[in-house]
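Please look over the protein and its ligand shown here.

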Amino acid sequence: MMKLLLFWLRSTASRLRPDSPGNKSYQGLRAKDKTLNTTIKTDFDETIDNINIIPQDIGRVILNLINNAFYAVTEKKKQTGENYEPTVSISTKKIGDRIEITVSDHGNGIPHKIIDKIFQPFFTTKPTGQGAGLGLSSSYDIIKVHGGEIKVETKEGEGSEFIIQLQLL
Ligand SMILES: Nc1ncnc2c1ncn2[C@@H]1O[C@H](COP(=O)(O)OP(=O)(O)O)[C@@H](O)[C@H]1O
Ligand SMILES: [Mg+2]
């Protein structure tokens, strides 16, 4: 299972690269901004063997997080301009009997006053048509079903880091 997840992560990350031929995901994400050129950084732990998860579900969660991260760095790019290189990082790490999957960005971060709401269904700060506010709430539910945890660390103006922890078999 873990092999599948890592394979999935690897191929997703490479499909998101702007120079990847025919990368539908990336083209979809940057349909509104042709100049966006987001760097994807990956750091995968090769020592992870086995984990009891359904890769499709966890895959959907990670894609949600990546979408949010892309959005955050795109917004920041619009505000900051030339000197800002939009970057999204994805990593996996084994910690004891758990695995940690992290998706981080250096966007604008999440304001303190809304941090308690972001996992609630239909909560969104995006313009109508851009977000239904269901990404994080469904991600939260999926991770719970897998007996895991999802948490966020963020600093206003500096970025966000979403951390998924899952139990290894
Ligand atoms: N990486 C991020 N950077 C900044 N804000 C974020 C990030 N991820 C989530 N958020 C905040 O959490 C809200 C809810 O996210 P989500 O449930 O995925 O819904 P949606 O993406 O449709 O708005 C977003 O509208 C945004 O305010
Ligand atoms: Mg979302």
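Which element supplies the largest share of the shell around ligand 1? Helix α3 does, with four residues.

## Ligand shell

This is a predicted model. In it, 20 residues surround ligand 1. The closest are Asn68, Thr124, Gly131, Gly135 and Leu136. Both α3 (55-80) and α4 supply at least two residues of the shell.

What is the make-up of the shell around ligand 1, in nonpolar, polar and charged residues? Ten of its residues are polar, eight are nonpolar and two are charged.

## Overall layout

The protein has four helices and five strands. Read from the N terminus, the order is α-α-β-α-β-β-α-β-β. The chain holds 169 residues, and 27% of them count as buried.

Among contacts with a separation of 6 or more, 65% join residues 24 or more positions apart.

## Helix α4

Helix α4 spans residues 135-145. Its buried residues are Gly135, Leu136, Ser139, Ile142 and Ile143. These residues lie on the same side of α4, because they cover an arc of only 120° around the axis. An α-helix has 3.6 residues a turn, so residues three or four places apart point the same way.

Which residues are exposed on the other side of α4? They are Lys144 and Val145. After the helix comes Gly147, with a positive phi near 70°.

## Ala72 in α3

Ala72 sits in helix α3. Is Ala72 buried or exposed? Ala72 counts as buried, because 22 C-beta neighbours lie inside 10 Å; the cut-off for a buried residue is 20 or more.

Leaving out residues up to four places away in sequence, Ala72 touches Asp105, Gly107, Asn108 and Ser160. Of these, Asp105 falls within the span of strand β3, residues 98-105. Ile110 is 38 residues from Ala72 in sequence. In space, their C-alpha atoms are 9.6 Å apart.

## Glu100 in β3

Glu100 is part of strand β3 (residues 98-105). How many other C-beta atoms lie within 10 Å of Glu100? There are 16, so Glu100 is partly exposed.

Glu149 is 49 residues away from Glu100 along the chain. The separation of their C-alpha atoms is 9.5 Å.

## Strand pairing

Strand β2 (residues 87-95) pairs with β1 and with β3. How do β1 and β2 run, parallel or antiparallel? Strand β1 (residues 39-43) runs parallel to β2, and five bridges join the two. Ile40 stands opposite Val88 in β2.

The pairing of β2 with β3 is antiparallel, over eight bridges. Here Ser89 stands opposite Ser104 in β3. The two strands form a hairpin with two residues between them. In this hairpin, Gly96 takes a positive phi near 60°.

Notes:
Residues numbered from 1 in each chain as written. Chains lettered and ligands numbered in written order. Predicted model: local features only at pLDDT ≥ 70, side-chain atom pairs only at ≥ 80, totals over all residues. Buried ≥ 20, exposed ≤ 12 C-beta atoms within 10 Å, placed from the backbone. Arc of directions from axis to C-beta. Near = placed C-beta within 6 Å. Nonpolar A, V, L, I, M, F, W, Y, C, P; charged D, E, K, R; others polar. Contact = placed C-beta atoms within 7 Å. Pairing = 2+ DSSP bridges.
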